[in-house]
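Please look at the structure first, then read the points by topic.

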Amino acid sequence: MKKRIFASMCAIALASVVLVAGLVIAILYNNLDDNTWKTLRNEAEYIAAGIEENGLAYVEKVKAVEGRITVVQPDGTVLYDESEEAGLMDNHLNRPEIAQAFATGAGEAQRTSSTFHQKSIYYALLMKDGNVLRISTSMDSAVATLFNVLPALVVVCALAVVLALLLARWLTQKIVAPINTVNLDAPLSNDVYGELSPLLRRIEKLKGELNEQMSELRARQREFVAVTENLREGMVVLNDKGVVLSINESAKQILGVVGQNYVNQPLLALNRNLLLSQVVDIALAGTQQDEIMELKEEKYHLMASPIKKGELTTGAVLLFMNVTETQAAEEMRREFSANVSHELKTPLTSISGYAEIMKNGLASPNDMPEFATRIYNEANGVIALVDDIIKLSRLDEEGKMPARQMVNVYKVASDVVARLQPMATGQGVQLTLAGQPAFISGVEGLLQEVVYNLCENAIKYNKQGGRVTVEVLPGKAEVLLRVQDTGIGIPQNQQNRVFERFYRVDKSHSKGTGGTGLGLSIVKHGVLYHNGTIELQSTEGQGTTVTVRLPA
Amino acid sequence: MRGRFDEQLDVLHTQMIEMGALCETAIACAIKGLLEGDAENATRAIAIDEEIDRMERDIETLCLKLLLQQQPVASDLRKISSALKMITDMERIGDQAADIAEITKLNNVKASDDTFTIREMSMAAIHMVTDSIDAYVRQDLELAHAVIAADDEVDNYFNEAKAQLAQLLGGNPNRAEYVIDALMIAKYLERIADHATNIAEWVVFSITGRHEGENDGHLPG
């Protein structure tokens, strides 16, 4: 813009300088021309008069003030010339001014010299003696005058250009400065000159629209970040070349790249698991992939979905779901089913065996009661097992539990102790209850199961003349239930497994003591249902203490 | 022009990582096959070695193409030339993993055998390979130096294993076959560690333009 302003100012200045100069020269030159002619004429008349009075000798004395005096005879020969030898000059009759003078009494002519710098003007006057007096002078031609003025003209033009430059700079500065320093946050506040207002108003309007769009985008971005960052699942977005575009916190942890620069790196640079790169390759080729993969001893369900734009795959989204626990639970469930089938099959096989013997009449009538007793006992065992399984499956589905109410744990314990007293006496074990009433919010039936199973185990796995002490101690925030026995104890390396379903410390012993192998599992679930904790301390051969803490 | 070149360099980088990942998997499979006496993993290691060989040729072609068409200078030239050298080491690692797998398949060395030192040694070697490739991926000078330093550890393991096996052979001449195979495995592991060291040295070169242990004197580029 500056250049254009400068150029137009220059053009204007130069044009006016040249035009004015031309005009002035034309007018002045014209005047000068007129004046010269007039002078020449006056001079000629004056000298002619002089010659007429004093003869030719006069001219030799006067010399022309301006110009050169020539006297020509009627035959054209030069009688006198101021600057040249008259005899050497050629015949002048054919000169137009002289011819005219001889014809009309006066003649004038002008001739431009070959170089155009000078022009000669001639004035011829017929004197009374018949000779013609010619006075000539030379003056600068119009072109020469122009040339004379030229240096000055150039200087003026240069000055004009410099001035135009300065002015253009100043002007553009003036125009541009407010635009450059415009406060974009409040465009209307710097309304310097009117021409700028429409622009500022448009900026203001655009700014409003932009702000709206930006805040919308930011909100969306925040939403996206909030959603992805709080996902427990790892999420990675890749472009079509497998370069990471975004990765959430969980994914960073899963891939083990916390604190590294990960965006714009190929996924391979983050994790070199071959299965992962295969899955990504397939996803980038446009096919959805599901895979269970192991990363750092955790199992993940990896879902890779291609991002498609029409037919083209422009990237992929990877989702990592930690399925370690699910898989472990699945494993446990499978194991449990296998165990249940086994535990059910054993007694049923013997029931079926006895029944078959009886049906075929192979058993003697004397053996019948014995067989019946065995069938009865085994059937009872199956019923107990099924009972326990039902209890456990109820505990697994917490929703089906009866509502919680205030329960006196001491009362529950004393009921259980009363129920188990005959069994304890039968085993020669002394069963005692200590403590005081303690209330928690819970399910009475479930708590009974907990206490019953703990006490039953304490009695079952005891020695002749052993002791079982049940204690219920109310505390500030929790109720402490402790079942202490002087029994056979549990080996150190198996203590953390006894709460597993169907786990038995002494496999050979289990048949003799009966029981389903589910008791402690029910205890664990019952305690967990009440948000309590369970702690087991045991020394082999000396006894076991189980401490249950139930929040009030 | 530059954009296309950068793109090709990215492809090279990705392929190098891929090849590194294959090496890691090959050794992991070979060692798993060895320690667990599992022929399936051994077979897999051999299959991966073939893949590694193919990859080496691909990367070599790409590097030569880049050198020819782009005439790289300075750090680009270093990157490409060290890639050319590194793939040779990676390929050797793959070969040695396959060799270990072959020995595993002979079944002379079993998991139950007293491969005490070999177990630790193989873990150390795997660790070095993983670290050297990590150093390349992250252009991590420090990690590269750590890998170079770790080579002595594996060398010590090798000497230890050699002494143990020599002693064993002295006591039980009938176990000669086991001793020889175990010694070869130990040697392969030692070589793998050497190649990992080489890779780390090339990482150092590609980052600094100087070879490890060299203090002055510029190299081309």
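S1(A) and S2(A) form a hairpin with 5 residues between them. In its turn, A:Gly76 has a positive phi of about 105°. Helices (H or I, at least four residues) and strands (E, at least two) are DSSP runs, numbered from the N terminus. Two strands pair if DSSP finds at least two bridges between them.

This is a predicted model, in which local features need pLDDT of at least 70, side-chain atom pairs count only at pLDDT 80 or more, and totals for chains, interfaces and linings use all residues. Residues are numbered from 1 along each chain as its sequence is written, while chains are lettered from A and ligands numbered from 1 in the order in which they are written.

**Strand S1 of chain A and its partners**

- S1 (residues 68-72) of chain A has 4 of its 5 residues buried, so this strand is largely enclosed by the rest of the structure. A residue is buried if 20 or more other C-beta atoms lie within 10 Å of its own, exposed if 12 or fewer, and partly exposed in between, with C-beta atoms placed from the backbone.
- With S2 (residues 78-81) of chain A, S1(A) pairs in the antiparallel sense over 3 bridges. A:Thr70 has A:Asp81 as its bridge partner in S2(A).
- With S5 (residues 132-140) of chain A, S1(A) pairs in the antiparallel sense over 5 bridges. Here A:Val72 stands opposite A:Val132.

**The five-stranded sheet of chain A**

- An open sheet is formed by 5 strands of chain A, in the order S12-S14-S15-S17-S16. The pairing is mixed.
- S12 (430-435) and S16 (533-539) of chain A stand at the edges. Each has a single partner strand, so one side of each is left without a neighbour in the sheet.
- From one strand to the next, the twist averages 10°. Axes are lines fitted to C-alpha atoms, for helices over the stretch in contact, and angles run from 0 to 180 degrees between N-to-C directions.
- S15(A) and S17(A) run antiparallel, joined by 7 bridges. A:Gln484 stands opposite A:Thr545 in S17(A).
- S16(A) and S17 (residues 543-551) of chain A also run antiparallel, joined by 7 bridges. A:Ser538 has A:Thr544 as its bridge partner, and A:Thr533 stands opposite A:Arg549.
- The hairpin of S16(A) and S17(A) has 3 residues between the strands. There A:Gly541 takes a positive phi near 85°.
- Helix H12 (residues 444-460) of chain A lies across S12, S14 (467-474), S15 (478-485) and S17 of chain A. H12(A) runs at about 20° to S15(A).

**Chain B**

- Chain B has 6 helices and 0 strands. Its elements run α-α-α-α-α-α from the N terminus on.
- Of its 221 residues, 43% count as buried.
- Among contacts in chain B with a separation of 6 or more, 78% come from residues 24 or more positions apart. Two residues are in contact if their C-beta atoms, placed from the backbone, lie within 7 Å.

**Where the chains meet**

- Contacts link 8 residues of chain B with 6 residues of chain A.
- Helix H1 (residues 2-36) of chain B gives the largest share of the chain B side, 7 residues.
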